[in-house]
Amino acid sequence: MEIRDRGGIEQILAKVRVFPPQEIDIALEVIDSYLSGSPDYIIKVAVDETDRVLGYICYGKIPLTDALWDVYWIVVGREFQGKGIASCLMEFMEGDLMAKRARAIMVETSSISDYSPARDFYVRKGFNEVCRIEDFYAEGNDKVIYRKNLGRSINE
């Protein structure tokens with residue numbers, strides 16, 4: 001990711017009409033932290049042949065774990081959804097994490113209907129729901145946590 005990608009990502013976050021303003025602010029804080037050199041995040045951006053931002057993925061190692069990683073954000077512009085971009089971003093990340101000897105990937109999301117496509121995507125990509133915390137974000141809005149094992153044990 002380069003500084004010039006930030007504006008395109010900000011537009012995508014606003015146009016998908018899923019994230020409330022405070023979530024967009026957090027996403028942008030993470031991006032700014034990454035652009036300032038933070039080692040806590042890895043961000044990869046999908047662009048077209050004209051360098052227009054199509055989507056991005058942000059992930060990082062979970063502190064205090066030996067080899068677990070979190071997907072913090074994966075977002076594709078509304079007009080580019082359904083074209084395999086999120087799958088490509090996820091596959092890139094998984095390859096990167098296998099090279100880093102990660103054991104598993106975690107991702108969390110909301111239980112409200114707006115996030116149903118995200119939950120379905122994670123399941124299609126081999127993630128399993130491992131936890132649901134009722135009324136976490138708000139009454140009737142659970143936190144749903146998924147995990148995908150990457151096929152290596154801690155002893156490898």
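Modeller: Before we start, rings of Phe, Tyr and Trp (its six-membered ring) pair if their centres lie within 6.5 Å. Keep in mind that this is a predicted model.

Colleague: Thanks! Which residues form one aromatic cluster?

Modeller: Phe121, Tyr122, Phe127 and Tyr146 do. Within that group, Phe121 and Tyr122 make an edge-to-face pair, with 5.9 Å between centres and 65 degrees between the planes.

Colleague: Are Phe121 and Tyr122 buried or exposed?

Modeller: Phe121 is buried at 10% relative accessibility, and Tyr122 is buried at 7%.

Colleague: Nice. How many aromatic pairs does a search of the whole structure find?

Modeller: Eight. One of them joins Phe19 and Trp73, edge-to-face, at 5.2 Å centre to centre and 70 degrees between the planes.

Colleague: What does the pair of Phe19 and Trp73 tie together?

Modeller: Phe19 sits in the loop between helix H1 (5-15) and helix H2 (21-35), while Trp73 belongs to strand E3 (residues 68-76), so the contact links parts 54 residues apart in sequence. Phe19 is buried, with a relative accessible area of 17%, and Trp73 is buried at 11%.

Colleague: Switching to the sheet, what's the strand order?

Modeller: The open sheet has six strands, ordered E1-E2-E3-E4-E6-E5, with mixed pairing. Strands E1 (42-47) and E5 (128-138) are at the edges with a single partner each, so one side of each has no neighbour in the sheet. From one strand to the next, the twist averages 25 degrees.

Colleague: And which strands does H2 touch?

Modeller: H2 packs on the sheet against E1, strand E2 (53-61) and E3, and its direction makes about 105 degrees with that of E1.

Technical notes: Residues are numbered from 1 along each chain as its sequence is written. This is a predicted model: local features need pLDDT of at least 70, side-chain atom pairs count only at pLDDT 80 or more; totals for chains, interfaces and linings use all residues. Side-chain values use heavy atoms; hydrogens and water are left out. Rings of Phe, Tyr and Trp (its six-membered ring) pair if their centres lie within 6.5 Å; planes under 30 degrees apart count as stacked, over 60 as edge-to-face and the rest as tilted. Helices (H or I, at least four residues) and strands (E, at least two) are DSSP runs, numbered from the N terminus. Buried means under 20% relative accessible area, exposed over 50%, partly exposed in between (1.4 Å probe, protein chains only). Two strands pair if DSSP finds at least two bridges between them. Axes are lines fitted to C-alpha atoms, for helices over the stretch in contact, and angles run from 0 to 180 degrees between N-to-C directions. Contact means heavy atoms within 4.5 Å.
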